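Please look over the chain below before reading on. The paragraphs after it go from single residues to the whole fold and back.

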Amino acid sequence: MSAPKRKEWELSGSINFYESPVHMYGANFEQNITGDDYLNLIRTEFLIEQSSINETFADALDIDFSNGEIKTSNFTNCGINSGNGDCLDFSGSVVDIKNVVIRNASDKAISVGEETYSTISKTKITEAKIGIASKDSSSVIGEKRRLIAVASGFQ
């Protein structure tokens with residue numbers, strides 16, 4: 001899948017939800033070999049649980065100006081085709097992450113930016129260039145995180 005394009009506009013996600021509430025339960029997304037984001041949520045309320053995204057070109061899940069939770073889900077082989085992909089990328093959002101496993105992020109496992117507020121609990125990150133990056137006046141509250149074989153660690 002690739003991002004939709006028209007003469008007048010372009011979306012960054014292969015799958016996009018704009019101002020549309022989202023509840024994904026047991027959703028599995030695999031092998032996206034083109035595009036900037038596999039799944040992009042923009043200005044929406046969301047709940048993602050018992051779901052997975054595996055093998056993405058760049059970012060697996062990009063959440064912009066949205067509020068919600070990601071629970072009991074897996075993100076694997078993010079950005080393997082471009083060499084530059086985050087598993088979870090947040091901008092201007094409020095996100096609660098619980099019981100998530102992230103493995104093999106070519107860039108950041110979790111990128112928290114643009115005044116995002118995020119809580120992270122019981123999350124395991126392995127094989128990421130950067131484990132958790134907090135930037136642009138963002139806030140990350142974490143408990144019971146487990147980082148294994150992360151090259152750069154925390155920023």
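Does Gln-31 count as buried or exposed? Gln-31 counts as exposed, because its relative accessibility is 52%; buried means under 20% relative accessible area, exposed over 50%, and partly exposed in between, with a 1.4 Å probe and protein chains only. Gln-31 lies in strand 3, residues 28–32. Its phi is positive, about 55°, although Gln-31 is not a glycine. Most residues other than glycine have a negative phi.

This is a predicted model, in which local features need pLDDT of at least 70, side-chain atom pairs count only at pLDDT 80 or more, and totals for chains, interfaces and linings use all residues. Residues are numbered from 1 along each chain as its sequence is written, and side-chain values use heavy atoms, with hydrogens and water left out. The mean pLDDT of the chain is 89, and 87% of its residues reach 70 or more; pLDDT is the predictor's confidence in each residue, from 0 to 100. Over residues 149–155 the pLDDT is below 50, yet in the model this stretch has 22 contacts beyond near neighbours in sequence. Contact here means heavy atoms within 4.5 Å.

Now the chain as a whole. The secondary structure comes to 0 helices and 16 strands; helices (H or I, at least four residues) and strands (E, at least two) are DSSP runs, numbered from the N terminus. The chain has 155 residues, of which 50% count as buried. Of the contacts between residues at least 6 apart in sequence, 38% join residues at least 24 apart. The chain exposes about 7,500 Å², and carbon and sulfur atoms supply 46% of that area; accessible areas come from the Shrake-Rupley method with a 1.4 Å probe, and for residues only the protein chains shown count as cover.

What does the interior hold? The largest nonpolar core has 32 residues, and those with the most contacts inside it are Leu-61, Ile-70, Phe-75, Leu-88, Phe-90, Ile-102 and Ile-110. Strand 12 gives the largest share of this core, 5 residues. A nonpolar core is a set of buried Ala, Val, Leu, Ile, Met, Phe, Trp, Tyr and Cys residues joined through side-chain atoms within 4.5 Å. Ile-70 shows how such a residue is surrounded: leaving out residues up to four places away in sequence, Ile-70 touches, among others, Phe-46, Ile-48, Leu-61, Phe-75, Leu-88, Phe-90 and Val-100.

Strand 12, residues 101–113, also holds Asp-107. Asp-107 is buried because its relative accessible area is 12%. Beyond its neighbours within four places in sequence, Asp-107 is in contact with Asn-84, Gly-85 and Asp-86, and also with Ala-128, Lys-129 and Ile-130.

Thr-76 is found in strand 9, residues 74–78, and counts as buried because its relative accessibility is 15%. Residues up to four places away aside, Thr-76 touches Ile-53, Asn-54, Glu-55, Arg-103 and Asn-104. Thr-76 and Ile-125 are 49 residues apart along the chain, and their C-alpha atoms are separated by 10.0 Å.

The structure holds 1 disulfide, a term that means a pair of cysteine sulfur atoms within 2.5 Å. The disulfide joins Cys-78 to Cys-87, with S to S at 2.1 Å. This link is right-handed, with 105° about the S-S bond, and both Cys-78 and Cys-87 are buried.

A search of the whole structure finds 1 aromatic pair. The ring centres of Phe-29 and Tyr-38 are 5.7 Å apart and the ring planes are at 70°, so the pair is edge-to-face. Rings of Phe, Tyr and Trp (its six-membered ring) pair if their centres lie within 6.5 Å; planes under 30 degrees apart count as stacked, over 60 as edge-to-face and the rest as tilted. Phe-29 and Tyr-38 are both buried.

Two loops remain. Glu-115 lies in the loop between strand 12 and strand 13, residues 117–121, and counts as exposed because its relative accessibility is 61%. Ser-137 has its place in the loop between strand 14 (124–134) and strand 15 (139–143). At 65% relative accessibility, Ser-137 counts as exposed, and its phi is positive, near 60°. Which residues does Glu-115 touch, not counting residues up to four places away in sequence? They are Gly-92, Ser-93, Asp-136, Ser-137 and Ser-138.
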